[in-house]
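Here's a quick briefing to read alongside the structure. Have the sequence and the 3D view open, and we'll go from the overall fold to a helix and then to a couple of individual residues.

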Amino acid sequence: MEIQKLYDLDDIEFEDIAIGLVRLAKDIPAHEFFYKINQTNNLCFSRKKDLVFHGGYYDYFFPRYEAYHKFSKTGFTFISNKSSESKQKKIQTELFTEEENIKFLLNNQVDVEYILHSSEQFPDFSVILLPENLVFPIQDYTLSSEEELYQIIQYYE
């Protein structure tokens, strides 16, 4: 996917982004997961416009949920790692295109359900109380500026 270049790349200093990887211990629907998070926190996660990834043959849609923490004045975003929907743009005529109708934002982390991103440069994900017995501890992960997900997150910020 080619992200539109809005700035002169020579003038930008790229820094890594710290994100959290959220793995669910149980297979539950998103609405139930966020209902339980909203019950245990002073946050109100709500569904926002989907993150859209434009592939060669498909457009992929990834659900996003956002909330704002009043005390720390920080915005938090959960992005689904797995596409919830895909729309075919054109018929595949090549055999090995490596593009399917389901896409993961982190191909090497297919067991991750959500990617947690914060508006802070050094995020503290511990302010979000996750429901017990539903979620494994959040794994810290660093995205470098060369990764495609880094560009996507920057675009949607």
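The protein chain has two helices and seven strands. Going from the N terminus, those elements come in the order β-α-β-β-β-β-β-β-α. Keep in mind that this is a predicted model.

**The chain as a whole**
- Of the 157 residues in the protein chain, 42% are buried.
- Take the contacts between residues at least 6 apart in sequence: 71% of them join residues at least 24 apart.

- Helix 1 covers residues 30-40, and its buried residues are F33, F34 and I37.
- Looking down the axis of helix 1, you'll find these buried residues within an arc of 90°, so they line one face of the helix.
- As a reminder, an α-helix has 3.6 residues a turn, so residues three or four places apart point the same way.
- What do the buried residues of helix 1 pack against? The partners are strand 1 (17-22), strand 3, strand 4 (74-80) and strand 6 (114-118).

**D59, in strand 3**
- D59 sits in strand 3, which runs over residues 58-69.
- Is D59 buried or exposed? D59 counts as buried because its relative accessibility is 15%, and the cut-off for buried is under 20%.
- The side chain of D59 makes a polar contact of 2.9 Å with the side chain of H54.
- If you skip neighbours within four places in sequence, D59 is in contact with F53, H54, E85, S86, K87 and K89.

**K82, in a loop**
- Where is K82 found? Look in the loop between strand 4 and strand 5 (85-88).
- K82 has 38% relative accessibility, so this residue counts as partly exposed, a label that applies between the 20% and 50% cut-offs.
- Not counting residues up to four places away in sequence, K82 touches F62, P63, I102, K103 and F104.
- K82 and V110 are 28 residues apart along the chain, and their C-alpha atoms are separated by 7.8 Å.

Notes. Residues numbered from 1 in each chain as written. Predicted model: local features only at pLDDT ≥ 70, side-chain atom pairs only at ≥ 80, totals over all residues. Heavy atoms only, no water. Helix = DSSP H or I, 4+ residues; strand = E, 2+ residues; numbered from the N terminus. Buried < 20%, exposed > 50% of the residue type's maximum accessible area, 1.4 Å probe, protein only. Polar contact = N/O pair within 3.5 Å; in protein donor to acceptor, adjacent residues only side chain to side chain. Contact = heavy atoms within 4.5 Å. Arc of directions from axis to C-beta.
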